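Me: I would like to learn how to read helices, strands and their packing in a model such as this one. Could you take me through some features one at a time?

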Amino acid sequence: MSRVTRQRLRWSVWALIALVGVFVLGLMSVHFALPGSTVALWWPAAGLAVCFLLATDPGPRRSALFVLGVLVSSGAANLVGGRPALVSVLYGFANAAEVAVVHGLMTTRARRPRLGSMDDLWRLLAATLAGAVVIGVLAGLTASVVLGGDFLDSASAAASSHGAAVLVMAPLGIAAGLRRVRRPRLEDIAQWVVVVGVTAWVFHQDQSLPLAFLPIPGLVWGALRLGLRTVAMQLLVVGIVAVTLTSLGGGPFAAAGRLGGIRPETVGSLTQAFLATAAVTTLSLAVATTQRRTALADLRSEVELSGVVLDTAASAIIVVDLAGVIARLNTTAARLLGAPEEELVGRLAAEVFPVANPEEVTARMAGIAGGTVPLHQEQDWLVEGLGVRHIVWTNAYLTDDDGNRTHLVKTGADVTDERAARTFVEAVLEAATATAIIGTDLDGVITLFNRGAETVLGWRASEVVGVRDWSLLHDPAEVDRRAAELEIEPGFDVLVHRVRGGAATETRDWTYVRKDGSRRTVSLTMSGIRDEGGMLTGYLGVAEDVTRRRQAEIALQVALDRERQAVEELTALDRTKSDFVSAVSHELRTPLASVLGYSEMLEDGAAGPLTERQLELVSRVDRNGRRLLSLIEDLLLNSRIEAGRLELEPRRCDLSDVVASAWTSVATVTSQRDLVRDVDVSPRPLWVEGDPAALERMVTNLLSNAVKFTPDGGRVSLVARPHDRDPGTVCLTVSDSGMGIPPADHERVFARFFRSSAANERAIQGSGLGLSIVRAIAEGHGGSVSLESAPDAGSTFTVTLPVGLPTTLSRQAP
Ligand code: ADP
């Protein structure tokens, strides 16, 4: 069974019980009706029915069913109570109509029945009254038409008996929904005893004194102290006691009936009037008390809340009354004023505000009543320990119910630090006179344009801030090109695309169009401006005019390109020259060999014997021819070295043979010279893997230098032997006692075409190629050449060669 079904079932059971109650109460009321009266003294059945509906609030359909039940049970009660059938049916109908009207009015617009305010109470009274009128009219009609009674008497009696019952019992139905707040205390018990006791005493059998007012104070006590629930219950109890005892002939109203001869209906009406009075009084008091209590609680929490709000506010808040006296202030304000809150409240604002001109404060305060205090105002406060603080105040008035100004509320924010920071930033912006700093909002509207921007772009800040789209400062064609690159629409977005996409900054060159139309190249670094929450609020561009720099860079590039071109041209020329020299040398070698051959034949007498003089001339031809051949060999070798094609042809050979051959050829050429010549060649063969021709060239060059640079009477020596310490190497030393080489030239002599000035001055023949070829050949064999020399102290060239072969013999030109 679902929860809803169970609830419905439970409701139906209770509804049945309530209807049985209605029947029983109705029967009792009929039974207890005063003798001679056509209507009952009290009709609690109506109250019970309304009470049940209000307590359960079951919705329109079940309410209607219940009302039908009321019709049946009320009719039955009347019938069983001895009333005629027709009367019973009509009374039943009247009862049902009354319940429907009261319940309907209490729950209009689907609101739950309540008793929380005076308005709710008025509604209850109105509903009760309407119900009373309905029952009054219907019952009156029934009584007068069917039973022949007096309409007015019957109507008023029915109305009052029903109305009072509803008024007394309906609150219980409403209060049934209220939660019980606390446990019963001694006071509750005492009050119950007093109320019930007094009521019982006032209405008891032998009591004839008019003391009907006496239960009221007890009920009031309950209303003021014990809440609506208790009051509702007590009203019912008082009602039952009063009615029961009155119908038994007790209490002031029954006594009045007996002694004063008033009619029974009037006795009933008086009893109902008593009950209604008691109900209205106590209910209104109870409602008002509850309302006051709730309002007080609300107020208290509101006051507490506003206190907390005030004290946690970062702004200073000061409330000043019409006389300029501080009525309230928060912690921040107290801190700025340098005194605790309680010391400041009650003092004149002009006395405690730490301003330079308190008279102005006095004057301002005088304007509170007239409403002439300005809305915003800035003040410098000299705060102890903090120095001068710049405070921006916002003023507002408090007014009373009649609209008169009663207080001024001053809310102040200390903006000293922000102002200082702003001044600093402004100073920085202004100081950057060569750097354009431009700020924009998210749409590209310029918000900042510093002095530097004015200089670079030629616009004044006032002409562009807030007016111009930043992209308009750019070369439109360039913006379009960039847009195409980024594949987006041309416009401001092009400039901030990367930053908007999340990049911290983006730096690139742009072309700016100045106000005068001229163009500048700037290096622009774009970044985003973000608020404290990290939300993008705008953009900041820092641009540097790099027109000159870029122009210089371009010029430099052009110059470099030109130089490279020149070098290429020269290299090509050099290669042509080398090729030319190489070709010429080749061409010269063959005829020269033929010249040398013929001169040799002449010397040998192949053309007949020569005279002394002829022989001398022929040998001179031979000597110079050999020198020329040597020069040609050097030129050819140099060309090969330059071209990186030394192309040695190594084989196992004895260095001693090579040295001897070189020695002989040099000796032939320089036989006329007056020199001491020493040769010290190892008697054992000096095997090396090498190109004998190249090695001979190397030794020849060294020897001919030694001879060339040593004056007559000097000494030239040649030593060839295994290395003293390294058995894998052989050493070849050529030394002389000649002019020597200054240390500064030691490295340079191995450079191609280097000739010392001394060599030039003394017209010593040479090409400047000899030593460079020596080094190339030594290194080509995996060896090296070194030099020891000093001016006029002779020179010693030492070549070391490995016995084995290096992995490769051909080497690049030096
Ligand atoms: P060249 O001998 O044709 O001038 P080298 O390359 O053989 O060219 O020599 C370069 C220079 O080194 C010479 O001009 C000379 O100044 C210096 N030099 C070479 N050998 C000696 C030496 N034995 N004594 C003094 N100077 C020398």
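Reply: Helices (H or I, at least four residues) and strands (E, at least two) are DSSP runs, numbered from the N terminus. The model is predicted, so that local features need pLDDT of at least 70 and side-chain atom pairs count only at pLDDT 80 or more, while totals for chains, interfaces and linings use all residues. Residues are numbered from 1 along each chain as its sequence is written, and side-chain values use heavy atoms, with hydrogens and water left out. As a case of such a run, α20 is followed by Gly502, whose phi is positive, near 115 degrees.

Me: Which residues of helix α20 are buried, and what covers them?

Reply: Burial is read from relative accessible area, where buried means under 20%, exposed over 50% and partly exposed in between, with a 1.4 Å probe and protein chains only. In helix α20 (residues 492–500), the buried residues are Phe492, Val494, Leu495, Val496 and Val499. Their cover, where contact means heavy atoms within 4.5 Å, includes the helix α19 (476–486) and the strands β6 (435–441), β8 (505–513), β9 (519–530) and β10 (536–545).

Me: How many residues of helix α26 are buried?

Reply: Helix α26 (residues 770–780) is mostly covered, with nine of its 11 residues buried; among them are Leu771, Ile773, Val774 and Ile777, as well as Gly770 and Gly780. The elements over these buried residues include α22, α24 (692–708), β16 (784–789) and β17 (795–802). Just after α26, Gly782 has a positive phi of about 80 degrees.

Me: Which residue other than glycine has a positive phi near 50 degrees, and which has one near 65 degrees?

Reply: The value near 50 degrees belongs to Glu647, which is found in the loop between α22 (612–642) and β11 (651–654). The value near 65 degrees belongs to Phe753, in the loop between β15 (729–736) and α25 (757–761). Glu647 counts as partly exposed because its relative accessibility is 47%, and Phe753 likewise counts as partly exposed, at 45%.

Me: How should I read the packing of two helices, and at what angle do α2 and α3 cross?

Reply: Two packed helices are described by the angle between their axes and the distance between the axes. Axes are lines fitted to C-alpha atoms, for helices over the stretch in contact, and angles run from 0 to 180 degrees between N-to-C directions. The axes of α2 (residues 44–56) and α3 (residues 60–80) come within 11 Å, crossing at roughly 165 degrees. That makes α2 roughly antiparallel to α3, since angles under 35 degrees count as roughly parallel, over 145 as roughly antiparallel, 65 to 115 as roughly perpendicular and the rest as oblique. Their crossing is right-handed; a crossing is left-handed if the near helix is turned anticlockwise from the far one by less than a right angle, and right-handed if clockwise. On the α2 side the contact is made by Ala49, Phe52 and Leu53, and on the α3 side by Ser63, Phe66, Val67 and Val70. By class this contact has six nonpolar, one polar and no charged residues, where Ala, Val, Leu, Ile, Met, Phe, Trp, Tyr, Cys and Pro count as nonpolar, Asp, Glu, Lys and Arg as charged, and the others, Gly among them, as polar.

Me: At what angle do α5 and α6 cross, and is Thr128 buried or exposed?

Reply: The axes of α5 and α6 (residues 151–175) come within 7 Å and cross at roughly 145 degrees, in a right-handed crossing. Residues making the contact include Leu124, Thr128 and Ile135 of α5, and Ala155, Gly163 and Val166 of α6. The classes are 17 nonpolar, seven polar and no charged residues. Thr128 of helix α5 (residues 118–146) is buried, with a relative accessible area of 6%, and, leaving aside its neighbours within four places in sequence, is in contact with Val102, Gly163, Val166 and Leu167.

Me: How many disulfides does the structure hold?

Reply: A disulfide is a pair of cysteine sulfur atoms within 2.5 Å, and the structure holds zero. Cys653 is in no disulfide, the nearest cysteine sulfur, that of Cys731, being 16 Å away. At 6% relative accessibility, Cys653 counts as buried.
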